[in-house]
Every structure is written in structure tokens, then in C-alpha cells.
Amino acid sequence: MVSRAAPAAAWSRDRRSPGRSIALHLTLIAASIVSVFPVAWLVLTSLKPRTVIETASVAPIDHPTLANYTQVLGETRFLTWAANSVIVSLTTAVLGVLLSATTGYAVSRFRFPGFRSVMWMLLITQMFPVAILIVPIYNLMAGLGLINQFPSLVIAYLTSTVPFCAWMMKGYFDTVPVTIDEAGRVDGLTPFGTFWRLILPLAKPGLAVAAFYSFITAWAEVAYATAFMTGDDKYTLAVGLSQFVGQHKAEWGLLTASSVLIAIPAAVVFLLVQRHLVTGLTAGATKA
């Protein structure tokens, strides 16, 4: 005779008391408000007239206006800075994915002289803060004549994105059965052909994470861009925003409107790759 007491007891243990349920919901609501409030405040401030912003009023918007957006797009070099950021970010994302994928596959599938050194290098290079790397990388770029050129930024960003993404991709490739590589060799594919035609299509979640991380790193980075870009026509968005902050006064309307516009491409990229992010991050974290 099967007892029904065990399922009933388990159900009673899983059921929350009214007090715990209310506390949980209140906590979730409070966390949601804390998360959404800065974004909502940014958007609402960007829609306020300049005179209202200067008074630091917290009152609701009586007459929302797009004047700040019109001024940013029409009277500043925002579009030039945006184009520069797109060029640098997309180039970093493409090269970052290619380098990290090939490196991750190599250390996942092959054992070669210096293998441990490569693995340690990928791990240790992630520990250096940007403040330490700016001066040596700047001197290197100056010696190559790349200061105030986009390649200097791309190379600088790759030094931080490739080690992390390669380590993550190595963990993801470890989850792909080696029998797939063996089947490719039996069919006459070269190692690169196996990697390109068989393994990469299975690694889309990992590639999505690598592309997203590389793009966001380049899109939002300030330190390298400030040090390497000396011409107004070569500024990226992160550096261009500093033009709205003077010695004695900040143009908060322009800053908030620019921040909203800057967040849109990042949000679009996130929406495009979000369904792969959890899978890619989980695989890389559990198998690295």
C-alpha cells in the first residue's frame, strides 16, 4: 500500500506561510524599484527643460521636451562620436570572437609545448587593472605611431577581452564531444575545417557571450579612449560626454540625453544575444 503522507508532507514544507510570502514579495518589489529608479530618473531628467534641471527640482515633468536630444544630435559632434564607437566596438567584437574562439579551441583540443604557460597567461592577464596597463600600452602605441588612431584602441581592448573570452570558450569547447572532431577527420577535414564547419556551429552560445562582452567593453570604456584619442574627431562616446562637463558647470540635460542614446545600442545587442548568454556563461563556468 502506497502512503500518501509523504507527498502531503513535502507539499506542506514547500508551501510558504503568508508572512514569508509577503516578505518575499516586498523584497522583490524593493529590489526592482532600486534597479529601475536610476534608469527612470535618467530618462525623466533628459526630458526636462534646462531651467527645471538647474533648479534641481524633483517634481514630475509638467511639459516634457525633446530639446536636449535635439541639441545633442544637431549641435554637438555626438553622431561622429557614435560612429567612432560603432567602428571600434564592432571591430573589437569581431576580432575578439575570432581570436578567443581559435585560442579556446586550441587549448581545449591540443597539448603542445608551453600549454601550461598559455593557460597561466590567459588567467594572469585578467588580474592586471587598466591603470597599470595604460602607460606601457600607450608607449607601445606611440612607438608604432598609432596614437589618435582607432587600431590603438582595438588592440588595447583586445588585451583585456581576449584572455577572458578565450578562457570561457575553452570551457565551452570542453563540453563538445571529441568524437565530433574524430568524425570530421575521418571525413577528410583538416583541423581548421573541423573547427570551422563542425565545432563553431555548436558553440553559438559561447560565441554570443564573447561577442557581447567584447562589444560592451569597447562601447563603455573610458580610460584607454581618453589617453589614446587626442582629436575631437576621433573621440568615442565615452570620451565625448566629458565635453559636456565644464570646470564650473555640467550640462546635465545633454549628459542625460546622451546617456539614454548611448544605452540604446547596448540594449539592442543584449536583446539579440540574450537567449545564448545564460547557456554560454554556464557552460564556460562549469567546464573551465
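Does Asn148 count as buried or exposed, and at what relative accessibility? The legend for Figure 1 takes this up.

**Figure 1. Asn148 in the loop between helix H7 and helix H8 of the predicted model.** Helix H7 covers residues 130-143 and helix H8 covers 150-173, with Asn148 in the loop between them. The relative accessibility of Asn148 is 17%, so the residue counts as buried, the cut-off for buried being under 20%. Its backbone has a positive phi of about 65°, although Asn148 is not a glycine. Most residues other than glycine have a negative phi.

**Figure 2. Overall helical content of the protein.** The model contains 14 helices and 0 strands. Along the sequence the pattern is accordingly written α-α-α-α-α-α-α-α-α-α-α-α-α-α. The protein has 288 residues, of which 37% count as buried. Among contacts between residues at least 6 apart in sequence, 75% join residues at least 24 apart.

**Figure 3. Packing of helix H5 against helix H11.** Two packed helices are described by the angle between their axes and the distance between the axes. For H5 (residues 78-109) and H11 (residues 204-220), the angle is about 145° and the axes are 8 Å apart. The crossing of H5 and H11 is right-handed. On the H5 side the contact is made by Ser85, Val86, Val88, Ser89, Leu90, Thr92, Ala93, Gly96, Val97, Ser100 and Ala101. H11 contributes Leu207, Ala210, Ala211, Ser214, Phe215, Ala218 and Trp219. Sorted by class, the contact of H5 with H11 holds 12 nonpolar and 6 polar residues, with no charged residues.

**Figure 4. Crossing of helix H9 and helix H10.** H9 spans residues 178-186 and H10 spans residues 191-199. Their axes come within 10 Å and cross at roughly 120°. H9 and H10 are therefore oblique to each other, since the range for roughly perpendicular is 65 to 115 degrees and roughly antiparallel requires over 145. The crossing of H9 and H10 is right-handed. In the contact, Ile180, Asp181, Gly184 and Arg185 of H9 meet Thr194, Leu198 and Ile199 of H10. These residues divide into 3 nonpolar, 2 polar and 2 charged.

**Figure 5. Surroundings of Thr65.** Thr65 is placed in the loop between helix H3 (50-54) and helix H4 (67-75). With a relative accessibility of 23%, Thr65 counts as partly exposed, because that class lies between the 20% and 50% cut-offs. Apart from neighbours within four places in sequence, Thr65 is in contact with Ser46, Leu47, Lys48 and Pro49. Of this group, Ser46 is 19 residues from Thr65 in sequence, and the C-alpha atoms of Ser46 and Thr65 are 8.4 Å apart.

**Figure 6. Confidence along the predicted chain.** The mean pLDDT of the protein is 82, and 85% of its residues reach 70 or more. Among the elements, helix H5 has the highest mean pLDDT, at 92. Helix H1 (residues 5-14) has the lowest, at 49. Over residues 8-12 pLDDT stays under 50, and the model has 0 contacts beyond four places in sequence for this stretch. Residues 284-288 also stay under 50. For residues 284-288 the model has 8 contacts beyond four places in sequence. Where pLDDT is low, the predicted coordinates should not be read in detail.

Terms used. Residues numbered from 1 in each chain as written. Predicted model: local features only at pLDDT ≥ 70, side-chain atom pairs only at ≥ 80, totals over all residues. Heavy atoms only, no water. pLDDT = per-residue confidence, 0-100. Helix = DSSP H or I, 4+ residues; strand = E, 2+ residues; numbered from the N terminus. Contact = heavy atoms within 4.5 Å. Axes fitted to C-alpha atoms, helices over the stretch in contact; angles between N-to-C directions. Left-handed = near helix turned anticlockwise from the far one by under 90°. Nonpolar A, V, L, I, M, F, W, Y, C, P; charged D, E, K, R; others polar. Parallel < 35°, antiparallel > 145°, perpendicular 65-115°, else oblique. Buried < 20%, exposed > 50% of the residue type's maximum accessible area, 1.4 Å probe, protein only.
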